[in-house]
Amino acid sequence: MKMLNILVIDDEDVICEACELVLSEKGHTVTLRKNGRAGLDAIREGIYDVLLLDMKLPDIDGMDILKAVQKEKPKLCTIVMTGYSSISNAVEAMRKGANNYLAKPFTDDELLKAIEESYANH
């Protein structure tokens, strides 16, 4: 698999740090944003292969970010991350254009597999 430029938008430090560690070890470039506004700015200003998007952010709903991505960067491979209690939200996100979802907490292997499969089938 080619080395990807990956944007992670999540307000949980542990998720951001884990994603950065696991993905950078595989040679991917990882950019972290801790809130929706900063994430939207990064999406608009940068060029990314994959977006890992938390659905529950402190400032902007993940669905609103997903909507903006579909409008402004429809080719961006998007994987939503959500807690088990909101699997229905993940299904709704996929209906609205997300390529895949990861239920938190997820393992390193689940993260890598989701990115690999989603990007390959995007």
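E12 counts as partly exposed, at 34% relative accessibility; on this scale, buried means under 20% relative accessible area, exposed means over 50%, and partly exposed lies in between, using a 1.4 Å probe and protein chains only. The structure is a predicted model, in which local features need pLDDT of at least 70 and side-chain atom pairs count only at pLDDT 80 or more, while totals for chains, interfaces and linings use all residues. Residues are numbered from 1 along each chain as its sequence is written, and side-chain values use heavy atoms, with hydrogens and water left out.

E12 is 20 residues from L32 in sequence, and the two C-alpha atoms are 11 Å apart in space. The side chain of E12 also makes a polar contact with the side chain of K104, at 2.9 Å. A polar contact here is a pair of N or O atoms within 3.5 Å; within protein, one atom must be able to donate a hydrogen and the other to accept it, and residues adjacent in sequence count only if both atoms are side-chain atoms.

K104 belongs to strand β5 (residues 100-104) and counts as buried, at 10% relative accessibility. Besides E12, the side chain of K104 has a polar contact with the side chain of D10, at 2.8 Å. The peptide bond that runs from K104 to P105 is cis, with omega near -5°. P105 is found in the loop between β5 and α5 (108-121).

Leaving aside residues within four places in sequence, D54 is in contact with I9, D10, D11, G62, M81 and K104, contact meaning heavy atoms within 4.5 Å. D54 is part of strand β3 (residues 50-54) and is buried, with a relative accessible area of 4%. Its side chain reaches the backbone nitrogen of K56 at 3.3 Å.

T29 is in strand β2 (residues 29-33) and is partly exposed, with a relative accessible area of 48%. Not counting residues up to four places away in sequence, T29 touches L4, N5 and I6. T29 and T82 are 53 residues apart along the chain, and their C-alpha atoms are separated by 22 Å.

Attention now turns to the helices. Two packed helices are described by the angle between their axes and the distance between the axes. For helix α2 (residues 36-45) and helix α3 (residues 62-72), the axes come within 11 Å and cross at roughly 10°. The two helices are therefore roughly parallel to each other. Axes are lines fitted to C-alpha atoms, for helices over the stretch in contact, and angles run from 0 to 180 degrees between N-to-C directions. Angles under 35 degrees count as roughly parallel, over 145 as roughly antiparallel, 65 to 115 as roughly perpendicular, and the rest as oblique. In the contact of α2 with α3, G36, L40, I43 and R44 come from α2, while I65, A68, V69 and E72 come from α3. These residues divide into five nonpolar, one polar and two charged; Ala, Val, Leu, Ile, Met, Phe, Trp, Tyr, Cys and Pro count as nonpolar, Asp, Glu, Lys and Arg as charged, and the others, Gly among them, as polar.

In helix α5 lies L111, which is buried, with a relative accessible area of 2%. Setting aside neighbours within four places in sequence, L111 is in contact with C19, V22, L23, L52, L102 and F106. The C-alpha atoms of L111 and E20 are separated by 11 Å, although these residues are 91 residues apart along the chain.

The cysteines complete the account. A disulfide is a covalent bond between the sulfur atoms of two cysteines. With a disulfide taken as a pair of cysteine sulfur atoms within 2.5 Å, the count comes to zero. The sulfur of C16 has its closest cysteine sulfur in C19, at 6.9 Å, too far for a bond. For C77, the closest cysteine sulfur is also in C19, at 14 Å, again too far for a bond. C16 counts as buried, at 1% relative accessibility, and C77 is buried, with a relative accessible area of 0%.

Notes. Helices (H or I, at least four residues) and strands (E, at least two) are DSSP runs, numbered from the N terminus.
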